[in-house]
Amino acid sequence: MKYLLLKHYRGGPAPVVDYGSMDQWTPEEVDAHIQFMRDFAARLEETGEYVGEQALAPGGTFVRYDGEGRPPVTDGPFAETKDLIAGWMIIDVDSWDRAVQLAGELSAAPGPRGEPIHEWLEVRPFLTEPPTVTE
């Protein structure tokens, strides 16, 4: 089963320890965090559980269709209270329990002073078939 692990800039449960945003970390702390992520992905590649990942910029806009011949409606840039996704990783594992275990390990990525950041990660399963509609 495939799962999406979502890292959030903000939103979600309150952090265990608030280390601030990465732009407040030293270059060495950022490098250590990124290296942890790379090493984690490499380990999952070896086990065949890694599918892909990507960091995302903090800016973004919601867009929706507003009718034929009309320009799309946008909501953005994001207000301070909106959730922003920092990045994602897709894993392909045998069970929900394994997905949760890996998310827990990824949550231990280092932050300031090399300490685990205890980051909340959102784990979302991929749909394996379209939802069934019943009346």
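A salt bridge here is a side-chain nitrogen of Lys or Arg within 4 Å of a carboxyl oxygen of Asp or Glu. With that in hand, let us walk through the structure, which is a predicted model in which local features need pLDDT of at least 70 and side-chain atom pairs count only at pLDDT 80 or more, while totals for chains, interfaces and linings use all residues. Residues are numbered from 1 along each chain as its sequence is written, and side-chain values use heavy atoms, with hydrogens and water left out.

A search of the whole structure turns up seven salt bridges. One of them pairs Arg64 with Asp66, whose closest N and O atoms are 3.3 Å apart. Asp66 also meets Arg70 in a salt bridge, at 3.2 Å from N to O. How open are these partners to the surroundings? We call a residue buried under 20% relative accessible area, exposed over 50%, and partly exposed in between (1.4 Å probe, protein chains only). Arg64 is partly exposed because its relative accessible area is 48%, and Asp66 is also partly exposed, at 22%. Arg70 has 54% relative accessibility, so it counts as exposed.

Another salt bridge links Glu115 and Arg113, with 3.4 Å between the closest N and O atoms. Glu115 counts as partly exposed because its relative accessibility is 33%, whereas Arg113, at 62%, counts as exposed.

Most residues other than glycine have a negative phi. Arg113, although not a glycine, has a positive phi of about 60°. Arg113 sits in the loop between helix H2 (96-106) and strand S6 (121-125); helices (H or I, at least four residues) and strands (E, at least two) are DSSP runs, numbered from the N terminus. His118 lies in the loop between H2 and S6 too, and its phi is also positive, near 50°. His118 is partly exposed, because its relative accessible area is 41%.

Finally, which residues make the nonpolar surface patch of about 300 Å²? Val16, Val17 and Trp120 do. Such a patch is made of residues with over 30% relative accessible area and no salt bridge, nonpolar side chains (Val, Leu, Ile, Met, Phe, Trp, Tyr) being joined within 5 Å and like charges within 9 Å. The accessible areas come from the Shrake-Rupley method with a 1.4 Å probe, and for residues only the protein chains shown count as cover. Val16 is found in the loop between strand S1 (2-10) and helix H1 (27-47), and Val16 counts as exposed because its relative accessibility is 57%.
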